[in-house]
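Please take a moment to look over the sequence and the 3D structure below. The report that follows walks through some of its features.

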Amino acid sequence: MALSCLTRALRSLTLSQPTLLSSQAPVAHLKLGALVPSTVSQCRGFLITASLKQNRRNWKQMDKYTIRPIGMKKTGGRDHTGKIRTRGIGGGHKQRYRWVDFQRLRYEPNKEDQPFEEKVVEVRYDPCRSADIALIAGGNRKRWIIATEKMQAGDIIKTSGVIERMAVSANEGDAYPLGALPVGTLVNNLEIQPGRGSEYIRAAGTSGILLRKVNGTAIVQLPSKQQVQVLETCMVTVGRVSNIDHNKRIIGKAGRNRWLGIRPSSGLWKRKGGWAGRKIKPLPPMKSYINLPLISAN
Amino acid sequence: MIPEATRYLKATVSLFSPNIFLNASKLSAHGAPSSLQTRRNLRVSHCLAAKVPPPKKPREKVEIPGLEMVTYGDRMHYVPGLAKPVYPPWEMSFKDPRYYRSPPAQEMALYKDKPCYIFNQRTSILEGVRQAAWLTKTQVSPGLLPHLISLAAKPENQLPDQDERVQNAIKHSRFWDTTEPRPRKERYSNTLLLNLLHLCASLQPTHPAVGRRILAENYSLAATWKRGEDLFQIRGRNGLLHCSMDPLPRICGEQEVLETSDWVLESFYPVSPTIDLQQVSVYKEEMNYTGESPPGFPEMELSWSSSNHLSPIGSGFRGEYPYPHAHTLYFLETSDPNCKLRPEQFRAKMIMFTFGNALARAHKLYGTQPQSLLECPITVQAVGTNGRIFQFLVFQLNTTDLSGDDGIKNQAWLDEDVELYDFAKVRPFIKRKEVKVPAGLAGYKPETFSKFLALYLHGAA
């Protein structure tokens with residue numbers, strides 16, 4: 001479609017020139033010959049900035065999981081049009097993306113539905129996030145996961161999808177469904193729908209608390225003190241996320257911020273509005289991520 | 001209509017209005033607009049770079065079986081309302097090797113349901129020596145046997161001016177072998193190995209059996225064995241193979257061989273022993289050979305990609321090759337940036353390839369049926385180096401019955417991380433105006449070369 005637009009536009013371009021330069025019209029006519037149709041076609045406009053080479057997001061489209069670090073393209077806060085959408089991002093040290101597997105309960109192809117154990121091979125720094133990542137190996141595969149606080153190389157961690165009647169006394173780093181854990185455990189890497197992959201409580205040093213378990217659902221307090229109700233089959237890992245002193249670090253100089261890819265904010269003094277200042281508000285209501293069956297009118 | 005869109009359309013229509021000839025400078029020579037540049041028409045007072053709408057997903061095509069779609073294929077031109085004709089993919093009528101696409105794995109002739117785990121020369125296994133020992137059912141003992149080391153202590157087995165000549169060899173490989181300031185690692189490790197081999201071979205007048213050997217470079221290896229329920233294969237090309245007309249004598253007595261059956265293989269649960277091995281479904285069974293690839297055959301690179309098929313290569317040393325017994329394998333560190341082997345993985349690779357050579361020989365002598373005790377165990381040696389640090393390995397194959405975990409095991413004696421010299425600096429290492437390490441060769445250790453020589457002369461002295 002883009003090509004047909006372009007050709008139509010080009011055709012109209014070449015047609016318009018003989019009509020404008022009327023003095024040279026017979027010459028132009030002769031030059032263009034029989035290719036000139038009688039009418040000038042109207043062409044709908046089109047943007048010539050087609051996908052620029054810098055906008056490629058090919059590195060995100062890999063389908064096969066790999067532990068090899070993937071070369072990343074920095075966006076600088078620019079979106080697909082090329083304009084800045086988020087200020088203050090740009091520059092910084094080059095980073096390679098290590099593909100972290102957030103779905104902890106991922107069975108190997110032939111070993112479905114059995115709790116399995118994996119061994120921690122190494123725990124290392126990840127430039128793409130505040131937490132540390134751990135390379136774990138189990139069976140025939142290796143993958144990266146978010147490391148918990150006391151994870152060391154050589155540990156054995158367990159992942160189980162089974163909910164038993166008695167609550168399991170979980171070790172740090174193990175992953176269980178919420179229904180299998182005792183109330184009051186510190187958890188991280190929470191998924192709000194079973195099988196979705198963890199999207200909450202992944203930052204360095206954070207942990208949620210399992211508050212209560214109510215027939216088939218569990219209520220977890222997130223680090224922002226917001227409470228969330230999810231199904232009890234959602235997987236969660238036990239313990240605090242690694243790198244707990246991340247919030248106590250001192251940047252020290254502007255240069256270190258630039259190494260992290262944070263550009264300086266605008267120095268213009270602006271009057272602060274109603275958004276600024278300490279706010280003391282009641283907690284927002286509990287958010288529920290359970291799709292209850294609809295009660296039909298009939 | 002959206003005001004933005006109207007503005008956009010107006011702007012673009014004005015682009016093609018009589019103002020266009022003023023944009024002639026932006027047009028390239030053949031009259032088409034230069035691509036990939038925003039065309040800014042400064043005569044217009046509104047913004048031209050409008051927001052690009054997000055890409056629309058194409059309409060889902062619904063396939064109703066039994067319903068024939070009326071296409072515009074017969075009419076030879078597009079008709080709105082009729083379906084797009086679907087033609088079978090075009091295939092060339094003749095076979096052109098430049099445009100050959102291999103069929104998917106399931107349709108290949110050698111496809112098998114049961115996968116095979118392949119160890120190739122670029123494999124870096126997670127657990128290193130322990131995993132290699134499990135895969136080959138081997139008991140690995142640290143340190144070489146004393147009667148081997150004493151072989152080099154005898155005066156008739158030593159070179160005249162041995163230390164000086166070895167130091168000259170090191171200096172040649174590390175300092176003198178290049179026009180650049182410093183030779184690169186793969187170059188100096190290769191030259192050092194060849195120099196040391198040359199020194200050892202200079203003993204041929206006094207040890208005639210040395211002359212009954214030959215060096216083979218870039219030889220291909222294939223060996224198959226079964227471990228438990230899984231099929232394993234070793235395939236690959238290696239560094240140097242020293243083959244000889246006579247087999248190596250056995251190192252370990254019968255009694256110790258029978259004692260190995262009491263030794264239990266280390267398990268590394270939860271990691272499976274097949275981790276990091278290439279899993280293929282298309283393979284040729286019962287490949288057992290060692291040898292050079294046929295002339296003119298392209299270099300076979302076994303890749304890590306998801307292609308799970310492996311094409312079988314030609315035959316190895318054909319039938320009546322005069323040097324059938326593998327004596328020593330020499331391993332160097334590859335210059336391939338994708339496979340950098342840590343010392344543990346390098347030693348594991350040594351064990352696997354030594355085992356592969358021994359197994360291929362055993363299959364040739366005794367047949368492919370697993371045998372729990374070979375009456376004449378096959379011994380193969382290996383030396384691996386990175387230019388400074390050497391790893392010595394002696395492997396004795398006692399059994400080809402590798403399916404169970406119990407029974408007689410093979411034996412390996414591994415001497416790890418033996419340094420030949422401490423430093424060979426081109427420029428002295430100076431810290432705070434003190435020379436910590438002088439330039440030139442420093443910290444030469446003569447015992448390492450005597451071990452090297454002992455392994456070389458084993459079977460000849």
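Predicted model: local features only at pLDDT ≥ 70, side-chain atom pairs only at ≥ 80, totals over all residues.

## Lys451(B) and its neighbours

Leaving aside residues up to four places away in sequence, Lys451(B) touches Leu144(B), Phe392(B), Asp415(B) and Val418(B). You can find Lys451(B) in helix H8 of chain B, which covers residues 446–457. Is this lysine buried or exposed? The relative accessibility of Lys451(B) is 16%, and the cut-off for buried is under 20%, so Lys451(B) counts as buried.

The predictor gives the complex an ipTM of 0.76 and a pTM of 0.79. For chain A the mean pLDDT is 84, with 80% of the residues reaching 70 or more. Within chain A, residues 16–40 have a pLDDT below 50, and this stretch has 13 contacts in the model beyond near neighbours in sequence.

Chain B has a mean pLDDT of 82, and 83% of its residues reach 70 or more. Which elements of chain B have the lowest and the highest mean pLDDT? The lowest belongs to H1(B), at 50, and the highest to strand S11 of chain B (residues 389–397), at 94. The pLDDT is also below 50 over residues 11–38 of chain B, a stretch with 41 contacts beyond near neighbours in sequence. Residues 294–315 of chain B are below 50 too, and there the model has 50 such contacts.

## Chain A in outline

Chain A is built with 3 helices and 13 strands. Of its 298 residues, 34% are buried. If you take the contacts in chain A between residues at least 6 apart in sequence, 61% of them join residues at least 24 apart.

Helix H7 of chain B runs over residues 343–366, which makes 24 residues. From first C-alpha to last, H7(B) reaches 34 Å, close to the 34 Å expected at 1.5 Å a residue. Why is H7(B) described as largely enclosed by the rest of the structure? The reason is that 19 of its 24 residues are buried. After H7(B) comes Gly367(B), with a positive phi near 85 degrees.

Helix H2 of chain B (residues 129–136) is largely enclosed as well, because 7 of its 8 residues are buried. Those buried residues are Val129(B), Gln131(B), Ala132(B), Ala133(B), Trp134(B), Leu135(B) and Thr136(B). What do they pack against? Their partners are strands S2 (138–142), S4 (220–227), S5 (230–237) and S12 (410–419), together with H7, of chain B. Following H2(B) is Lys137(B), whose phi is positive, near 55 degrees.

## Salt bridges within and between chains

The count of salt bridges over all chains comes to 29. One of them is formed by Lys119(A) and Glu127(B), with their closest N and O atoms 3.1 Å apart. Lys119(A) lies in strand S3 of chain A (residues 116–125) and Glu127(B) in the loop between S1 and H2 of chain B, so this pair joins two chains. Both Lys119(A) and Glu127(B) are buried.

Arg347(B) and Asp417(B) form another salt bridge, with 3.3 Å between the closest N and O atoms. This pair links distant parts of the chain, since Arg347(B) is in helix H7 and Asp417(B) in strand S12 of chain B, 70 residues apart. Arg347(B) is buried, with a relative accessible area of 5%, whereas Asp417(B) is partly exposed at 40%. In chain A, the side chains of Lys248(A) and Asp245(A) meet in a salt bridge at 3.4 Å, N to O. Lys248(A) is exposed at 61% relative accessibility, and Asp245(A) is partly exposed at 47%. A network of salt bridges links Asp101(A), Arg106(A), Glu118(A), Arg141(A) and Arg143(A).

## A patch and a loop

Val62(B), Ile64(B), Leu67(B) and Met69(B) make a nonpolar surface patch of about 420 Å². Val62(B) is in the loop between helix H1 (3–15) and strand S1 (111–119) of chain B, and at 62% relative accessibility Val62(B) counts as exposed.

Asp177(B) also sits in a loop, between helix H4 (162–176) and helix H5 (185–201) of chain B. Asp177(B) is buried, with a relative accessible area of 17%. Beyond residues up to four places away in sequence, Asp177(B) touches His172(B), Arg187(B) and Thr191(B).

Technical notes
Residues numbered from 1 in each chain as written. Chains lettered and ligands numbered in written order. Heavy atoms only, no water. Helix = DSSP H or I, 4+ residues; strand = E, 2+ residues; numbered from the N terminus. Buried < 20%, exposed > 50% of the residue type's maximum accessible area, 1.4 Å probe, protein only. Contact = heavy atoms within 4.5 Å. pLDDT = per-residue confidence, 0-100. Patch = residues over 30% accessible without salt bridge, like charges linked within 9 Å, V, L, I, M, F, W, Y side chains within 5 Å. Areas by Shrake-Rupley, 256 points an atom, 1.4 Å probe, with all protein chains shown as cover. Salt bridge = Lys/Arg side-chain N within 4 Å of Asp/Glu carboxyl O. Expected span 1.5 Å × (residues − 1).
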